[in-house]
Amino acid sequence: MDGKTLGQKLQAGKFVITSEIGPPKGINIEPHLKEAEYLKEKVDAFNVTDLQSSVLRLGSLAVSKLLIERGFEPVFQMTCRDRNRLALQSDLLSASVFGIKNILCLTGDHPFLGDHPDAKPVFDLDSVSLLRVAGQLMTGRDMMGNELDGRPEFFLGAVASPAYQPIELQIIKMEKKIEAGAKFFQTQAVYDLHDFEKFMRMVARYNIPVLGGIVLLKTAGMAKYMNENVAGVNVPDHYIQMMARAKKEERPKISIQIAAELIKGMKNLCQGIHIMPLGWERYVPQVLEASGF
Amino acid sequence: MLYTEMKSFEEIRMCVDSEKDLFLLGCGGCADVCKTADEKTISEIEAKLKEAGKNITGKLTVDFMCSKTLLAKRVARYQQLLDNASGIIVFACGIGIQCAAAILDKSVYPATNTLSLGGFQGLWPGEERCGQCGTCYLGITGGICPITFCAKELVNGACGGAKDGKCEIKTDKECGWILIYERLRKIQRLDLLKQTQNPRNFKKMEPDSELRKTIHFAIDK
């Protein structure tokens, strides 16, 4: 984090590295901010997830603000799951007065998947219309065309899932997101470089920065679980076997080795990486070192 | 009683912009009563379409299009005229439009918006459901409703949550947007997926007080 913003770095063609903070279930945020400190000099920005997996947690807006206070650059994730168009626009304005520029616009998981499955699913807007609305706020007007006192400035991002089937449906949506104002993409976790290369070839015509997703494998069981339950994730058998063969104390080492292999392969394919450590923040410096950063 | 309103002619015309030969299909059930599928309405739209340079290959009214079996039987006699058309404009509620799309494998274009299914305990024995959103999207989704088939009621395409074609909320539920994608690919209209839809207008779901006063809204008034 060297004075230039994520947007400026991507524009300048720098290979960027972002990581992620999943806010806690509760208010005990200090340990998470301390973990982020380990990575401060290593990564360009931190995503803050928005009630990930539809589980009630501390909010992404508040944690993004705390990151700014401590000298980090946040990427404020916003989903359409819980807020209607009034609340989303208001939170975008709030983000702006807190100095938050990077907004990652997502549709969001369905509440059925989380710990409040009885909740009303909102989805008043979707990822595409949220991008459009954020863009409209930047012109000094709300989505109804009413004038705002002052203009917020955002750097808008969106997500894509390279292993999604049918991929054409995903690519068409990606095209809509770009038209709606997305300036960069983060992807679902990548485990197959060959598939990822195919995806990058398909989207090359859009000439937009893509940050390849990295999720650190913790166990063979986690890999199998993701293969069965997480959309767009396919961990190949040889990685599952590497994890299964490793003794418990060796697992972080093997996981780092796998992640580094993927990152090295991605360096020439995309414009950056987004690491989702899911609690293994302490190993991220080693992953980066093993990847040649 | 369920209630439908006509889309503006301009909206219908824009939907069928790329079509030359059209067939007009109306429902002789509730839509007829609402005057969105009566002889006069269909003839008026027919005249305007002809004026706009469209060729009308034929027209037909079927009683209660919500019964797919009945509908399939009735349209079979008009197969030639239907084959001559590249698109079908349907004057019916959201169920009728989806039934037509399911049977005909052609682009269907709603002439109507469904505002309310009211207390109607009607015939629809199929899996099609109408969300009474008041902004019928069936013309751009290959006749599969994104409001009732997508768990998030998305109007701009699939979220990233589907796995093996199934919705993220239930492994035995098809992803509505993958169904829409497959239908549009089959009828070679994937171009429709690329149009960005505006956020929904939820105001349309609150029936107008003028409408509430009419016999079309509540038959016992």
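Okay, let's start where the two chains meet: 27 residues of chain A are in contact with 22 residues of chain B. Keep in mind that this is a predicted model.

So who's doing the touching on the chain A side? Two of the helices there, α5 (127-138) and α6 (167-179), each put in at least two residues. The largest share, six residues, comes from α6(A).

Now, the fold of chain A. We've got eleven helices and eight strands. The strands make a closed barrel of eight, in the order β1-β2-β3-β4-β5-β6-β7-β8, and the pairing is parallel. Going from one strand to the next, the twist averages 30°.

Let me zoom in on one pair. Strand β5, residues 155-160 of chain A, runs parallel to β6, residues 184-189, and four bridges join them. What's the bridge partner of G157(A) in β6(A)? That's F184(A).

And there's a helix to look at here too: α10 of chain A, residues 251-266, packs on the sheet and touches both β7 (210-215) and β8 (272-276). Its direction makes about 170° with that of β7(A).

Last bit, the overall numbers. The C-alpha trace of chain A spans about 60 × 45 × 40 Å along its principal axes. Its radius of gyration is 19 Å, close to the 19 Å from the globule rule for 293 residues, so chain A is as compact as a globular protein of that length. Buried residues are 48% of those 293. And of the contacts in chain A with a separation of 6 or more, 78% are between residues 24 or more positions apart.

Technical notes:
Residues are numbered from 1 along each chain as its sequence is written. Chains are lettered from A and ligands numbered from 1 in the order in which they are written. This is a predicted model: local features need pLDDT of at least 70, side-chain atom pairs count only at pLDDT 80 or more; totals for chains, interfaces and linings use all residues. Two residues are in contact if their C-beta atoms, placed from the backbone, lie within 7 Å. Two strands pair if DSSP finds at least two bridges between them. Axes are lines fitted to C-alpha atoms, for helices over the stretch in contact, and angles run from 0 to 180 degrees between N-to-C directions. The radius of gyration is taken over C-alpha atoms; the globule rule is 2.2 Å times the number of residues to the power 0.38. A residue is buried if 20 or more other C-beta atoms lie within 10 Å of its own, exposed if 12 or fewer, and partly exposed in between; C-beta atoms are placed from the backbone.
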